[in-house]
2 protein chains.
Amino acid sequence: MTINKRLPTAIVLLGLLFLLIQYGGRVLTFLVLQAVIAAALVEFYNLAARKKLHPQKILGIILALCLGLAFFFRAEVQFELALFGVLFLTGVYCLFSFTRVEHLPYFFQSVAVTFFGAVYLGFTLNHFFLIRFEWGPFYVYFLCSIICLGDTGAYYLGKLLGRRKMTPLASPNKTWEGSAGGILFGVLGAWAARQILLPDANLWRALLIGALVHAVAQMSDPLESLFKRAVGVKDSSNILPGHGGFLDRMDSFVLAAPFFYFLLRYFWK
Amino acid sequence: MTINKRLPTAIVLLGLLFLLIQYGGRVLTFLVLQAVIAAALVEFYNLAARKKLHPQKILGIILALCLGLAFFFRAEVQFELALFGVLFLTGVYCLFSFTRVEHLPYFFQSVAVTFFGAVYLGFTLNHFFLIRFEWGPFYVYFLCSIICLGDTGAYYLGKLLGRRKMTPLASPNKTWEGSAGGILFGVLGAWAARQILLPDANLWRALLIGALVHAVAQMSDPLESLFKRAVGVKDSSNILPGHGGFLDRMDSFVLAAPFFYFLLRYFWK
């Protein structure tokens, strides 16, 4: 995966993303976010399908969308109601679609994987919506700055200094040195975002958030790697040239986005 | 399964349950409920283990307990935070316990089944706690009256009049006639509970709740049957003589308890 191949895709995507985050309204942002989540979910289910786990893609997308609606209508609807709705829909779907004896052998794993994928991606990534509309676009850049600088730092410092392997099974290239570099550059990303975008914010809290958020972000990557290694593939798809798939691009955010949101809510001010 | 065998167990359990619901404080009720949920969850995981899905029992119980704490500390903690905690703990656990290549082949289904079980039982059944402490013990009896009379009505009317099969794969004995009988007797249960316990409540709303709650309750039973049939067993365990296991006893409540709670919240008054 060369820089030449990655760069044009990255520039186009970043430009579009910037326009969306800065100027997109609630409805457009919500729809694009749901589309990205659905795309990542389909890639996740494609991984599961390779293991013959029979994910129910259509059901899963509906479940993720149902969770998404709870974020969109947050003022009116409790999240718990949406989660109940998700379980209820799962039940209705199962009773009407698992009707033949040939379906029984994979019923158990099929339901579990479909449900897990919808919550794992739908619940977590929808926190972008809350960050954008409860805190504003600058906070989205704040998070992205932590993640992107942190990931870059982890990659290069890991290459340069990496000795002790952290998760030999999940991500053989991950080292403790790279991880420390990720946190260091995550702090740097937080510092830059605070200086440029949020000059009134408390500096030390911003730096601490940078360190914590990147530490948590580093967990979701080997987790996704485990899912991929469990089925024996490297990238979840190749839809973004040189960048793997949506799932690969989003994986750092899966745990980091909700964590960042809760830090803002309970710790920021 | 004869009446002789079922009756003594039922009387002892019902007596203890009555004492708990009527006189138990928040802490005791919470602890007993968590124990029941954990027991049902272990039975669920034992089913999954028969399919070689490698559920992580300890992790699953911790996850369910984590969700339970969100109900106990409802005033202080958002449910979303608990769900994030559950995903985060799942991630930490995976990275530290799936460390050998032999673990990879079952990683995917293991994580999904563990997570699904914890939410499917932990999220739903903890609504008993809310019903008890936000609405009072009479509302717990209200729900139990709908479910128990409804289930009895469904069983006997199904035996007597049942012709047209509803879910041939999941529960071959379930008929549309039995289902109608269940709803009829669910309404009867709601009527009795309203007359005796809640004389000031609106009669028609109570009857409507009886019908709706039993209709939803009827869905969770064939769902659990599908899980059992998928692994080829009849009862989830035999810990309660003549009653199957905790999972069998609780299955009608899995969807009905949260549904009843939301009806109270949004429709009752």
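**Helix packing and the A–B interface**

The axes of H7(A) and H8(A) come within 6 Å and cross at roughly 150°. Axes here are lines fitted to C-alpha atoms, for helices over the stretch in contact, with angles from 0 to 180 degrees between N-to-C directions. Helices (H or I, at least four residues) and strands (E, at least two) are DSSP runs numbered from the N terminus. This is a predicted model: local features need pLDDT of at least 70, side-chain atom pairs count only at pLDDT 80 or more, and totals for chains, interfaces and linings use all residues. Residues are numbered from 1 along each chain as its sequence is written, chains are lettered from A in the order in which they are written, and side-chain values use heavy atoms, without hydrogens and water.

The crossing of H7(A) and H8(A) is right-handed (the near helix is turned clockwise from the far one by less than a right angle). Contact means heavy atoms within 4.5 Å. H7(A) contributes residues including Gly150(A), Gly153(A) and Leu157(A), and H8(A) residues including Gly178(A), Gly182(A) and Phe185(A). By class, this contact has 13 nonpolar, nine polar and one charged residue. Ala, Val, Leu, Ile, Met, Phe, Trp, Tyr, Cys and Pro count as nonpolar, Asp, Glu, Lys and Arg as charged, and the others, Gly among them, as polar.

Glu177(A), one of the H8(A) contact residues, also forms a salt bridge with Arg164(A) (3.1 Å, N to O). A salt bridge is a side-chain nitrogen of Lys or Arg within 4 Å of a carboxyl oxygen of Asp or Glu. Glu177(A) lies in H8(A) and Arg164(A) in the loop between H7(A) and strand S1 (165–167) of chain A, so the pair ties together parts 13 residues apart in sequence. Over all chains, the whole structure has 14 salt bridges.

H3 (residues 57–72) and H5 (residues 104–125) of chain A pack at about 35°, with axes 9 Å apart. Their crossing is right-handed as well. Leu63(A) and Phe71(A) are among the H3(A) residues in contact, and Phe115(A) and Val119(A) among those of H5(A). The contact holds nine nonpolar, three polar and no charged residues.

Now the interface. Here 53 residues of chain B touch 54 of chain A. The two chains bury about 5,200 Å² between them, 84% of it on carbon and sulfur atoms. Buried area is the accessible area (1.4 Å probe) lost on putting two parts together, summed over both. Two salt bridges link the chains. Arg74(B) and Glu80(A) meet in a salt bridge at 3.2 Å, N to O.
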